[in-house]
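Here's a quick briefing to read with the structure open beside you. Have a look at the fold first, then go through the points by topic.

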Amino acid sequence: MKFILMLAVALFLTVLSLYAESFTKSATIKPELVQIGSQKEWCPVCGMNIEAFYKTSHTSKIHNHKDRQYCSMRCLAVDMQEHEINIDSIKVVDVATQKLINAKSAYYIVGSDVQGTMSKVSKLAFGDKEAAEDFNMEHGGKIVDFKTALKMAQDSLASDVEMVQNKKNKQVYPMGKKVFEKNCKNNIDINAYLEINELKAGIREKQFCGDLNEPELQALSLYLWEVKRFGYTQNSTDFIKVSKDEKCPVCGMFVYKYPKWAAQIFYKDKHLSFDGAKDMMKYYFEHKDGISKMLVSDYYSQKAIDAAKAYFVIGSDIYGPMGHELIPFKNESEAKTFSLDHKGVKVLKFEEVKQKEVQKLDE
């Protein structure tokens, strides 16, 4: 009798395992991709292919208009640390219909036998409660609302990030380095891209490394974005150095992600880092007392230059991490050339930059 019972349990677990294996997070119909440009295929936070993880995908709007699409709720939670995201703007893919629905109205299955995306615990959404209950019967887990699922993602974020980072250190970065050394040209300007999905699109479109499959492209992009780019700026005395925990005091974004745009204000006993000259100037106008030094990154060389001696192009068609920017240059001639090439409105010396003009850049 005991043997028969054990056999039945084993059979039940095998069936469950087969169900879990048969479930795919990939899109089985044409996916709804809401971002624009050739980078729309990939998550802007981690670079993962959205179609491959479509059934855990979420979307949001930042700055009240720019669409973002993530591979997972985990990457949404990461982005919410940097951007002010209106909860009402968040959508999620309904696993049953594969259509985007309002996340606040969804029924989430958390902790099922389906492997999580960038997380130890899976979070799958359904627009219909009955469909969620049917899935729950087959795959386990529990049904919660969006608010609860998001809180779980935020609470486990540190351990999930650590889990993913360990995998990157052991497997992904070495693979990316190998792909880079074997296939790529050395003239990839990593800092020309604002986000990892833009870098992936650039590598593929410009054929910097020939034809790569998705795992090779992802490993290469992570190696370039998270190892080579950060190490390059941190190992040279010519560039502004920013630690990984420094956030811009104006917008709250992590500055190390945008070394091309880094700027700093120094006081006697501290310094502050900014993700662009625009935010640095916003802070400067309100906190001038006690400043000992200000640095900005020259747009062409990306080297640190004295902000007080720099030339700034205002009103160009080049966007920084926070939209329209003040573009800094060491040389006036380069600033004027850039301004002509990119529809700049003015070239200003530091003392000519006015608070009202800086504020207008956000309008």
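Predicted model: local features only at pLDDT ≥ 70, side-chain atom pairs only at ≥ 80, totals over all residues.

- Three strands make up an open sheet, in the order β13-β12-β14, and their pairing is antiparallel.
- The edge positions go to β13 (323–329) and β14 (346–349); each has a single partner strand, so one side of each lacks a neighbour in the sheet.
- From one strand to the next, the twist averages 45°.
- As a reminder, strands in a sheet pair through backbone hydrogen bonds, and the pairing can be parallel or antiparallel.
- Between β12 (residues 311–320) and β14 there are four bridges, and the two strands run antiparallel.

- Helix α8 (residues 277–286) lies across β12 and β13, and runs at about 90° to β13.

**The disulfide**
- How many disulfides does the structure hold? There's one, and it joins C184 to C209, with an S to S distance of 2.1 Å.
- The torsion about the S-S bond of C184 and C209 is about 110°, so this disulfide is right-handed.
- The pair ties together distant parts of the chain, 25 residues apart. C184 sits in the loop between α5 (157–183) and α6 (196–205), while C209 sits in the loop between α6 and α7 (214–234).
- Are these two cysteines buried or exposed? C184 has 14% relative accessibility, so it counts as buried, and C209 counts as buried too, at 3%.

- C43 has 0% relative accessibility, so it counts as buried.
- C75 is in no disulfide either: the nearest cysteine sulfur is that of C46, 3.7 Å away.
- C75 also counts as buried, because its relative accessibility is 0%; the limit for buried is under 20%.

Definitions and conventions. Residues numbered from 1 in each chain as written. Heavy atoms only, no water. Pairing = 2+ DSSP bridges. Axes fitted to C-alpha atoms, helices over the stretch in contact; angles between N-to-C directions. Contact = heavy atoms within 4.5 Å. Disulfide = S-S within 2.5 Å. Buried < 20%, exposed > 50% of the residue type's maximum accessible area, 1.4 Å probe, protein only.
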